[in-house]
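User: Hey, can you walk me through how some of the helices pack in this one? I've got the structure open.

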Amino acid sequence: MEDQMQKVLYVEDNLLNMALMHHLFKKNLPSVQLLKAETGEQGLEIAEQQLPDLIIMDIGLPGMNGYETLECLQRSAGTCDIPVLAISAFAQLSDLAMARDTGFAGYITKPIQVRVFTETVQELLAGAGRLTRN
């Protein structure tokens, strides 16, 4: 049964945010398996191994940031078609435009609005295409 579950990889270095996301998925998206990575490098490794249906990525990661990690995902034949949703506290219009121009499927600002976040994840998992929300 677990093989048929959709998988979402969450790349986030803040353990409190990671715990919040775990709770949010358990409550609002219980049929989705949440995979976790704390760095961009670890996220790349898990993405290549697990081929998730969606990746949610913090922009402000230590080491390889979210933009650099996205670029690596886009260059890999195995992961280039996986939509990546940016999540960040950076909420300026220029941040949103840069994320869109770089190739993120959408952009959610922190603190997240649970309803908007859940709807965005559901739409991306259903193949609704590129979204930008905040």
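This is a predicted model: local features need pLDDT of at least 70, side-chain atom pairs count only at pLDDT 80 or more; totals for chains, interfaces and linings use all residues.

User: OK, how do the axes of α2 and α3 cross?

Analyst: The axes of α2 (residues 40–50) and α3 (residues 66–75) come within 9 Å and cross at roughly 25°. Angles under 35 degrees count as roughly parallel, so α2 is roughly parallel to α3.

User: Is the crossing of α2 and α3 left-handed or right-handed?

Analyst: Right-handed, as α2 passes α3.

User: And which residues meet there?

Analyst: From α2 you have G40, L44 and A47, and they meet T69, C72 and L73 of α3. By type, the residues in this contact of α2 with α3 are four nonpolar and two polar, with no charged ones.

User: Switching to α4. Which of its residues are buried?

Analyst: D95, L96 and A99 are the buried residues of α4, which covers residues 93–102. Those three span an arc of only 100° around the axis, so they sit on the same side of α4.

User: What do the buried residues of α4 pack against?

Analyst: They pack against α3 and against β5 (106–109).

User: So what's on the face turned away from the buried side?

Analyst: That face of α4 carries L93, S94 and D101, which are exposed.

User: Last one: what follows α4?

Analyst: G103 comes after α4, and the phi of G103 is positive, near 120°.

Terms used:
Residues are numbered from 1 along each chain as its sequence is written. Side-chain values use heavy atoms; hydrogens and water are left out. Axes are lines fitted to C-alpha atoms, for helices over the stretch in contact, and angles run from 0 to 180 degrees between N-to-C directions. Helices (H or I, at least four residues) and strands (E, at least two) are DSSP runs, numbered from the N terminus. Angles under 35 degrees count as roughly parallel, over 145 as roughly antiparallel, 65 to 115 as roughly perpendicular and the rest as oblique. A crossing is left-handed if the near helix is turned anticlockwise from the far one by less than a right angle, and right-handed if clockwise. Contact means heavy atoms within 4.5 Å. Ala, Val, Leu, Ile, Met, Phe, Trp, Tyr, Cys and Pro count as nonpolar, Asp, Glu, Lys and Arg as charged, and the others, Gly among them, as polar. Buried means under 20% relative accessible area, exposed over 50%, partly exposed in between (1.4 Å probe, protein chains only). The arc is that of the directions from the helix axis to the C-beta atoms.
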